[in-house]
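Biologist: I have a chain open on my screen and would like to walk through its packing. Can we take it piece by piece?

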Amino acid sequence: MRLAAAAVASALLAALAPPSGAFVGPSSRAATARARPTLPRYVATEESAATEEATEEAAVAANGYAVASAAVATASRPNPNISRERIEKATKERPYPLFLAEKAASLLLDPLTSKKPPPPFDAAPKEKLVVLGTGWGAAAFLKNVDTDKCDVTVISPRNYFVFTPMLAGASVGSVDFKSITEPIREINNKVRYLEAAATEVDPDANTISCISIICEGNSCETQEFEVSYDKLLFSVGAQTTTFGTPGVEEYCNYLKQVGDAQQIKNAIVNCFEAAGLPGLNEEDLKKELTFVIVGAGPTGIEFAAELLDFIEENGPRYYKELLPYVRIKIVEAAPSILRPFEDGMKDEAIRRLTRTIEIEGVETLRPCEILLNKQVSEVTADHVYFKDGDKLRYGMALWAAGIGPLPITSNTIEALEDTEQAGAQEFARGRLGVDPWLRVIGGKGKIFALGDCSCVSNTPFLPATAQVAAQQGEFLGKLMSADYCIDATGEELLPPTVADPDQPKAPSEQIASLAMGEGEIAAPFQYLDLGILAYTGSGSALAQVQLAPGKGEPMSETWNPVRLQIKGKLGFGLWRSIYLWKQTSPKNVVLVTLDWIKVKLFGRDISIL
């Protein structure tokens, strides 16, 4: 697909004429109208939200979004140079064939033409750009941002990037934790890194309050400080949400960070070791070896698959006499698992997860059970209680039921409550509402946001996935590095426009201009759905690749995209190939490959560290 799109891109570039359009200088941009985004259906941010709530959420989000759009339209004044019609045309979704050609040109042709001379010695001082977070969006941004144009500072309590889709494998020893991490300074060694947590943002003073923990020997103390910025990028992601369920925070494990995976690995081994102690009856053994997974999205399903592999491949070697007592319970509030997948793929996942396991000397095992339409009401030290009155005794519980905003995100929304951000919350719902160029609404063009902590105004239905965050990070890094005027003038956001109409554009920018019919306004962010993957255990995986989008809006009745469905061994090969290809560095590719070979030859490590 990429090669075909690249051929189309080359043909288009040969026919393209230089873009035209009057230059809009900083002084004349003050009255430009902001783009009015389209009406969304609803925003789904929770993997395990009950399906019966969807209709109500759709109505609330649609009504709120209409209010926000009206507020934006009222606050804007028409500009004679850039009309509202031009802005609306520029923010429409670009035709899919041209968009594919644009992406191919960005990957294959732009690197050949993007070499720029270093800035002159008498250049103006660089802007101070602060990036909060070291996740998928931040890593992609740092790979693409031009550090000759801005002084970049990264603030995060974590000095590394982690390949989160492989945390499920790391939690059972399929890969080593260090194999799926990369120091942020290795991703871009020209940025400054501060090991601290941002606690508050002051949009009026352009400052960030931070706190850092400094340890010397056995004593630790906290240090508070402020960092000023000219531009701020929010890429803090989200945290696991409990929906207010009692006991979840106290007794359940999460799977968002390396520390979570390490804790789960130790908990699994501890359960088996505790079950091996003398004096336990059969009910006690079943309790110790019952693993409850709340949430049947990709995280919960892949963890269950990895745990099944551990039981099937390494259980006979270490805990053969305990295997008949192992139970894996996948709990899902919705009527199906893996909601982004087609029904046939869901059925295949259920079949693989609930398979029987044949082990010599042990009676036939079928340890995994999927419980649908089950909502958790409370979790205690020994039991998971459900709203229908049922309960489960367990040895370890994993909560993978949804995500919610971090405190820094909520605090920033409160700080912008007197701006258009208040109206944007009707559709953003706890996330930072951003315009089609990922600028925070109400942030005066100084604050940007991407990934799980943001909601794009014209496409609020984007999934909260690493794929979206990475594409947004790449887009924003290139936008800030290109010669566009992206600042706001006065109190009104303006669409990013070319700073110099005579400046040559990259091939991908030329194709985007052709697709928009607009050579002056920068192309807004557009998501390319490459598909989704899910490991289902025993050398089998699901790969759902989107070949062409559907008509209308996602989640609507007319949305029927063309998808290629691959499963079984072929899906497993594709799953491993893509995960290797998406690794941050060649070092990670080598380390992950060696981990897979090591597990195949010697089994998983069960040391409790």
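Biologist: Leaving aside neighbours within four places in sequence, which residues is Ala304 in contact with?
Modeller: This is a predicted model, so take every value as computed from it. Ala304 sits in helix 12. Setting aside neighbours within four places in sequence, its contacts are Ile293, Ile328, Ile330 and Leu353.

Biologist: Is Ala304 buried or exposed?
Modeller: The cut-off for buried is under 20% relative accessible area. Ala304 has 0% relative accessibility, so it counts as buried.

Biologist: What separates the C-alpha atoms of Ala304 and Ala168?
Modeller: Along the chain, Ala304 and Ala168 are 136 residues apart.

Biologist: At what angle do helix 10 and helix 12 pack, and is helix 10 oblique or roughly parallel to helix 12?
Modeller: Helix 10 covers residues 258–275 and helix 12 covers residues 298–318. Their axes are 13 Å apart and the angle is about 45 degrees. Roughly parallel needs an angle under 35 degrees. That makes helix 10, relative to helix 12, oblique.

Biologist: How many nonpolar, polar and charged residues are in the contact of helix 10 with helix 12?
Modeller: The crossing of these two helices is right-handed. Helix 10 brings Ile264, Ile268 and Phe272, which meet Phe303, Leu307, Phe310 and Ile311 in helix 12. By class, the contact of helix 10 with helix 12 has no polar residues, no charged residues and seven nonpolar.

Biologist: Why might residues three or four places apart sit on one face?
Modeller: An α-helix has 3.6 residues a turn. Residues three or four places apart therefore point the same way.

Biologist: Is helix 6 roughly parallel or roughly antiparallel to helix 16?
Modeller: Helix 6 (residues 136–144) packs on helix 16 (residues 466–481) with the axes 7 Å apart. The angle is about 30 degrees, and the cut-off for roughly parallel is under 35 degrees. That makes helix 6, relative to helix 16, roughly parallel.

Biologist: How many nonpolar, polar and charged residues are in the contact of helix 6 with helix 16?
Modeller: Helix 6 passes helix 16 in a right-handed crossing. Residues of helix 6 in the contact include Trp136, Ala140 and Phe141. Among those they meet in helix 16 are Ala466, Glu474 and Lys478. By class, the contact of helix 6 with helix 16 has two charged, five polar and eight nonpolar residues.

Biologist: Which residues of helix 6 are buried, and what covers them?
Modeller: Seven of the nine residues of helix 6 are buried, so the rest of the structure largely encloses this helix. The buried residues are Trp136, Gly137, Ala138, Ala139, Ala140, Phe141 and Leu142. Their cover includes strand 1, strand 2, strand 3, helix 8, strand 9 and helix 16.

Biologist: What is the order of the open sheet of three strands?
Modeller: The pairing in this sheet is antiparallel. Its edge strands are strand 26 (532–535) and strand 28 (562–566), each pairing on one side only. The twist averages 15 degrees from one strand to the next. The order is 26-27-28.

Biologist: Which residue in the hairpin turn has a positive phi?
Modeller: Strand 26 and strand 27 pair over four bridges, and Ala534 stands opposite Leu542 in strand 27. The two strands form a hairpin with five residues between them. In the turn, a positive phi of about 95 degrees belongs to Gly537.

Biologist: What is the bridge partner of Ala543 in strand 28?
Modeller: Strand 27 and strand 28 pair in the antiparallel sense over five bridges. The bridge partner of Ala543 in strand 28 is Ile566.

Biologist: Which helix lies across strand 27 and strand 28?
Modeller: The helix covers residues 343–353. It runs at about 170 degrees to strand 27. The name is helix 13.

Biologist: Where does Pro246 lie, and which residues is Pro246 in contact with?
Modeller: Pro246 lies in the loop between strand 10 and helix 9. With a relative accessible area of 43%, Pro246 is partly exposed. Its C-alpha atom is separated by 5.0 Å from that of Glu378, 132 residues apart along the chain. Leaving aside neighbours within four places in sequence, Pro246 is in contact with Ser377, Glu378 and Val379.

Technical notes
Residues numbered from 1 in each chain as written. Predicted model: local features only at pLDDT ≥ 70, side-chain atom pairs only at ≥ 80, totals over all residues. Heavy atoms only, no water. Pairing = 2+ DSSP bridges. Axes fitted to C-alpha atoms, helices over the stretch in contact; angles between N-to-C directions. Contact = heavy atoms within 4.5 Å. Parallel < 35°, antiparallel > 145°, perpendicular 65-115°, else oblique. Left-handed = near helix turned anticlockwise from the far one by under 90°. Nonpolar A, V, L, I, M, F, W, Y, C, P; charged D, E, K, R; others polar. Buried < 20%, exposed > 50% of the residue type's maximum accessible area, 1.4 Å probe, protein only.
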